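Please read them alongside the coordinates.

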Amino acid sequence: MVCARGSPVVISALLLMMIGLQCCSAVVDMWVTEKAYMDISIGGVPVGRIEFGLFFNIAPRTVYNFRTLILGKTTTIGQNGEEVLLSYKHSIFHRTIKNFMIQGGDILYGNGYGFISIWGMHFPDENFDIHHCGAGYIGMANRGPNTNGCQIYITTALTSWLDRKHVIFGKVLSGMDVVRKIENNPTGDKDRPILEVRVEDSGTLPLERPFLVLCTPVEG
């Protein structure tokens, strides 16, 4: 793994390891302060649950937005004055790229063009304190700086080139096998899964006490 691309310099194994650790580090300690889940189906067949640990102490506005959509009990007014239910339930993962990420959360159109949040159409990048440490991290999809809305992605590989461009706010605690099933689902035009990947249910889970997680890839 080399973080800086296009360099002809031969890097020693030790230096390579040091660079790799720097790329995969977090600026702050990653404390799981809340837990959430999504129950997933592929082609109408239930395939399991993904559980997330959320970092409210690092990205409170981002986590609050995500939690609100996970619970699916809040409405807002859309761009055309219509009432919109802010809910991930029955939304889809519309884009998957193997060895990169799976993307979903477009609760408006289901195609990657819909953006809405509890803070309005967009809300600013909160911080980039957490880097993309490998597979199993959940971040905000955007279309440029300060354009966070409802869309999210889950990494399926090391994606360090996204550091300081997307806000990471959680980590997969269990269900990485479900993420892999989504990732390996055949795709068609525009990386859209051929068999629909749907969030059948979503919600929050009890957490006895906050706990620390490391900036390491999630196995599975």
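This is a predicted model: local features need pLDDT of at least 70, side-chain atom pairs count only at pLDDT 80 or more; totals for chains, interfaces and linings use all residues.

1. Phe-66 touches Ala-36, Met-38, Phe-52, Leu-54, Tyr-88, Ile-138, Ile-152 and Phe-169, leaving aside residues up to four places away in sequence (contact means heavy atoms within 4.5 Å). Phe-66 and Phe-93 have the most contacts inside the largest nonpolar core, which has 37 residues. Such a core is a set of buried Ala, Val, Leu, Ile, Met, Phe, Trp, Tyr and Cys residues joined through side-chain atoms within 4.5 Å; buried means under 20% relative accessible area, exposed over 50%, and partly exposed in between, with a 1.4 Å probe and protein chains only.

2. Residues are numbered from 1 along each chain as its sequence is written, and side-chain values use heavy atoms, with hydrogens and water left out.

3. Strand E7 (residues 101-104) is buried on both faces: Met-101 and Gln-103 point one way, Ile-102 and Gly-104 the other. Helices (H or I, at least four residues) and strands (E, at least two) are DSSP runs numbered from the N terminus. E7 runs antiparallel to E6, joined by four bridges, and Thr-96 has Ile-102 as its bridge partner. Two strands pair if DSSP finds at least two bridges between them. The E6-E7 hairpin has three residues between its strands, and Asn-99 there takes a positive phi near 60°. E7 also pairs with strand E9 (residues 152-155), antiparallel and over four bridges; here Gly-104 is partnered by Ile-152.

4. The count of salt bridges is seven, each being a side-chain nitrogen of Lys or Arg within 4 Å of a carboxyl oxygen of Asp or Glu. One of them joins Glu-34 and Arg-67 at 2.7 Å, N to O. Glu-34 is in strand E2 (residues 34-42) and Arg-67 in helix H2 (residues 60-71), so this pair ties together parts 33 residues apart in sequence. Both Glu-34 and Arg-67 are buried.

5. Which residue forms a salt bridge with Lys-89? The partner is Asp-201, with the closest N and O atoms 3.8 Å apart. Lys-89 lies in the loop between strands E5 (83-86) and E6 (93-97), and Asp-201 in strand E11 (residues 197-205), so the pair ties together parts 112 residues apart in sequence. Lys-89 is partly exposed at 31% relative accessibility, and Asp-201 is partly exposed at 28%.
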